[in-house]
Amino acid sequence: MSNEAVEHFLSQATDLPGMNDVAWLDEHRKAATHSLSTMGFPTRRVEEWKYTDVSAILNKKFSLSIPEQQEDVETILSSAKISDLDCHQLVFVNGHFSETHSCTDELPDGVNIVNLKEAISKSDNDLEEYLNKHHHHEKNGFVALNTSLIADGAVIWIDKNVEFTKPVNLIFVSTGSNNTASNIRNLIVAGINSRVDVIETYAGVDNLDYFTNTVTEIHLEDGAKVNHYKIQEEGDSGYHVGNLFVSQQKNSSFNSYQVSIGGKLVRCDLDINLSGTNAESTLYGLYMAQDTQHVDFHTTVNHISPNTRSNETYRGVLGDKSRGVFNGKIVVHKDAQKTEAHLSNANLLLSSNAEVDTKPELEIYADDVKCSHGATIGRLDDNMLFYLRTRAIEKDVARSLLTFAFAEDVIEKINYPQICKRLQKKVMGKLPDSNVIEDFVQ
Amino acid sequence: MSTQSKDVENLVGQEYKHGFVTDIDTDTVPPGLNEDVIRLISKKKEEPEWLLEWRLKAYRHWLKMEEPEWAHVNYEPIDFQAISYYSAPKSKDHGPKSLDEVDPKLIETYEKLGIPLHEQKMLAGVAVDAVFDSVSVATTFKKKLYEAGVIFCSFSEAVRDHPELIKQYLGSVVPAADNYYAALNSAVFTDGSFCYIPKGTRCPMELSTYFRINAANTGQFERTLIVADEGSHVSYLEGCTAPMRDENQLHAAVVELVALDDASIKYSTVQNWYPGDENGVGGIYNFVTKRGDCRGVNSKISWTQVETGSAITWKYPSCLLKGDNSVGEFYSVAVANNYQQADTGTKMIHIGKNTRSTIISKGISAGHGSNSYRGLVRIGKSADNARNYTQCDSLLMGDKCAAHTFPYMESRNTTAVIEHEATTSKISDDQLFYCQQRGISEEDAVNMIVNGFCKQVFKELPMEFAVEAQKLMNITLEGAVG
């Protein structure tokens with residue numbers, strides 16, 4: 001089945017931008033195609049995919065061609081936009097850049113925001129240097145697929161010493177007909193001592209079978225600072241596979257905020273490489289699943305150089321028949337002395353049919369380190385519930401309130417109040433008696 | 001805590017103390033494994049037909065299985081045809097009636113190991129079923145145990161005298177085809193210990209078995225089965241040392257524990273097999289399957305282990321918490337020095353309601369050692385109000401060692417609570433400085449800190465074991481820091 005799916009997808013690798021024209025890009029595609037044909041798509045026999053079965057994605061025979069009907073783009077786009085947020089905006093519909101919806105006016109000097117297709121046509125040297133720099137396609141079948149089908153996505157360049165304060169919002173929407181696939185490749189390069197905030201938003205139409213396969217590469221040069229937000233609000237029948245690769249040079253600082261609310265089957269991988277000394281990373285994540293949603297987060301933080309620090313906090317709320325998977329790996333490489341790494345993962349099971357599988361991992365090959373991880377799976381605290389009940393708060397309301405507070409711990413870390421507000425609303429909307437708890441939260 | 005300061009150089013160069021070979025004629029089967037060898041083992045042990053069939057079934061299954069590779073360890077592939085599967089001291093034919101009749105050389109061996117069967121067993125109040133290679137040669141305190149109704153004997157005797165119990169419980173916790181090494185053990189196991197505690201009995205003394213691998217090229221395939229009937233209690237000790245050898249020896253034991261209603265079993269291990277020399281040559285491969293089954297309500301199984309030996313340890317003492325309100329515990333200290341590799345941990349499978357489990361794992365890595373904790377906590381749908389607490393800490397000594405943690409947590413019950421925490425760090429310079437400032441030598445300070453680190457586990461060990469374990473820890477880690 002896997003082979004069939006590989007052939008099906010690869011047969012669509014025609015008419016890609018720069019094909020047979022940009023030699024280096026063809027090389028990457030070729031290597032990726034080779035990887036994909038040899039390793040295929042992951043199965044549950046692969047340790048990293050033990051809890052997540054992707055055969056549903058492979059059976060559906062998703063097509064990369066642009067669907068003819070896209071009339072509800074406006075509706076879905078307006079709901080995906082973050083209200084009141086002053087930002088630059090790049091919009092992609094089913095994986096293709098939509099110039100009419102995008103707006104990147106008045107970019108300051110030293111900042112370049114384009115779509116990948118255009119960047120390829122201009123074929124500049126920097127793109128060649130950074131795109132797929134670390135051969136990410138070797139990681140798994142989905143990254144290999146993404147690389148062999150590289151077509152469009154966002155490219156953000158921040159030059160040396162440029163502090164770009166206006167956030168960039170990349171919006172990816174899926175609409176149209178069933179069985180549509182989007183293949184998205186983003187590249188963010190933050191030059192020496194530069195700064196940028198990027199928000200990726202994924203949204204789609206409900207009751208529509210579609211597949212989003214996205215890869216984002218972020219390169220932080222010395223002293224760069226990047227805040228990366230990913231808000232995943234795919235439609236309720238959408239499949240989402242996301243990979244984030246971050247490479248950090250010395251003194252750089254990277255903050256990641258991942259919020260996963262939508263989608264039917266969601267798998268997100270984060271690979272953070274602290275390659276330079278004194279680099280630091282902070283990762284926050286929240287996953288919420290209901291009905292039969294399946295959400296899987298795999299994070300890997302590689303401490304490669306000495307004096308690097310990382311801190312990771314992930315929270316999960318699982319209701320109904322949903323399933324949550326979390327795997328957080330911290331690897332301290334040889335010679336990465338004075339590393340400090342912490343990870344915490346907490347999960348709340350709201351229903352007796354929900355399931356959580358979590359595995360925090362430590363792999364340590366150096367001795368002068370401070371590492372810790374903690375993971376919990378549990379229920380709402382009886383004492384807290386009792387406290388609220390003694391204040392005449394109804395049981396369901398009390399439960400919702402505590403669940404909200406649990407999720408809020410991650411949401412409140414987000415620096416933009418506009419995003420916080422939006423997410424609070426989304427989270428509340430998923431809980432019973434949301435109108436009542438809204439009053440408490442204000 | 002010892003106060004004399006020792007010359008570190010000397011200690012680092014110190015050879016493995018228990019490395020010697022006792023020259024006794026052994027009745028050894030030529031190396032190789034096939035159905036005939038299994039038939040031969042079964043025949044030599046005068047086993048009933050059903051047991052032979054059980055062995056052959058396991059063997060046929062083993063042939064179809066693949067050697068597991070998921071553990072975080074590296075070693076040369078094992079040639080299973082190069083191992084001799086049976087070896088028994090010749091002098092067993094007459095069967096010693098008392099200690100005086102035991103081969104004096106055997107006694108000598110035990111004395112070198114510091115296990116004087118003669119006196120200390122009386123003083124310590126321990127009944128010792130000493131396993132020398134594969135056949136039990138001396139069993140003590142039989143009478144006292146007999147009066148209490150406790151059956152404690154070698155596995156072969158149990159097969160002969162209590163076939164109904166063996167038939168009922170053998171393979172009921174670790175099925176013959178459970179995993180690669182358990183299947184191998186089921187096919188070729190030669191001897192081991194059997195223990196049955198009758199209803200409502202509190203075993204009058206701590207039961208103990210000393211294992212020792214002796215004849216060269218002989219893999220040791222022990223089988224231990226402990227059954228605690230309703231309302232009974234037993235504490236079982238297992239300790240091991242092995243002589244020095246250059247070739248790797250395989251040890252694939254199986255331990256099965258069954259606790260019925262209100263019963264409790266405490267199983268303690270001190271494992272100090274030959275770990276190989278400082279260059280990682282030689283040493284024992286320790287691939288053990290240990291599992292306890294809390295079958296009855298309110299039952300309890302507690303594993304305590306101190307793993308300092310073996311070149312490779314691959315061991316996961318587990319608990320199946322089937323009975324309501326049953327309790328599983330796992331306390332472990334694992335040390336990996338020089339080129340030792342340890343991949344150890346536990347599995348707690350919660351099935352019954354209100355089941356509780358506690359996991360305390362302490363890993364120490366030094367030299368080029370690699371230490372992994374691998375654990376699984378699974379809460380089934382039926383396990384209402386299940387509770388787990390896991391703590392696994394690692395201590396690193398030296399910049400070439402490695403420590404890993406792979407805890408799996410799976411929950412399907414909304415009322416269950418699972419907590420896991422792990423830390424990894426080295427002995428901090430501040431702690432060392434503080435001790436040295438108060439006139440404590442570096443070596444002693446390290447010992448003190450290490451013992452403090454392990455205390456939570458050591459205090460679970462029976463008294464005499466705790467002392468031995470502490471000593472062992474100091475010897476194993478001598479010269480690792482400083």
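**Entry 1: chain B overview**

I began with chain B and looked up its secondary structure: twelve helices and 24 strands. Helices (H or I, at least four residues) and strands (E, at least two) are DSSP runs, numbered from the N terminus. I noted that this is a predicted model, where local features need pLDDT of at least 70 and side-chain atom pairs count only at pLDDT 80 or more, while totals for chains, interfaces and linings use all residues. Residues are numbered from 1 along each chain as its sequence is written, and chains are lettered from A and ligands numbered from 1 in the order in which they are written.

Next I looked up burial. Of the 482 residues in chain B, 55% are buried. A residue is buried if 20 or more other C-beta atoms lie within 10 Å of its own, exposed if 12 or fewer, and partly exposed in between, with C-beta atoms placed from the backbone.

I then checked contacts (two residues whose C-beta atoms, placed from the backbone, lie within 7 Å). Among chain B contacts between residues at least 6 apart in sequence, 84% join residues at least 24 apart.

**Entry 2: where A meets B**

How many residues of chain A are in contact with chain B? I found 30, and they contact 30 residues of chain B. On the chain A side, β18 (355-364) and β19 (369-378) each supply at least two residues. That side divides into 13 nonpolar, eight polar and nine charged residues. Here Ala, Val, Leu, Ile, Met, Phe, Trp, Tyr, Cys and Pro count as nonpolar, Asp, Glu, Lys and Arg as charged, and the others, Gly among them, as polar.

I also looked for strand pairing, which needs at least two DSSP bridges between two strands. β19(A) pairs with β24 (residues 417-426) of chain B in the antiparallel sense, over eight bridges. A:Lys370 stands opposite B:Ser425 in β24(B).

**Entry 3: the core**

I looked up the largest nonpolar core, and it has 242 residues. Such a core is a set of buried Ala, Val, Leu, Ile, Met, Phe, Trp, Tyr and Cys residues joined through C-beta atoms within 7 Å. The residues with the most contacts inside this core are A:Ile156, A:Ile364, B:Ala228 and B:Ile265. Helix α9 (residues 395-411) of chain A gives the most to this core, with seven residues.

Leaving aside neighbours within four places in sequence, A:Ile364 contacts residues of chain A, including A:Val332 and A:Cys371. Its contacts in chain B include B:Leu396 and B:Thr424.

**Entry 4: domains of chain A**

The assignment, automatic or from a database, gives domain 1 (2-276) and domain 2 (387-442). Their C-alpha centres lie 31 Å apart. Nine residues of domain 1 are in contact with nine residues of domain 2. β9 (225-233) and β11 (253-260) each give two or more residues to the domain 1 side.

Most residues other than glycine have a negative phi. A:Asn278 lies in the loop between β12 (265-274) and β13 (280-289) of chain A. A:Asn278 counts as partly exposed because it has 19 C-beta neighbours inside 10 Å.

A:Asn193 also has a positive phi, near 55 degrees. The loop between β6 (180-190) and β7 (195-204) of chain A holds A:Asn193. With 17 C-beta neighbours inside 10 Å, A:Asn193 is partly exposed.
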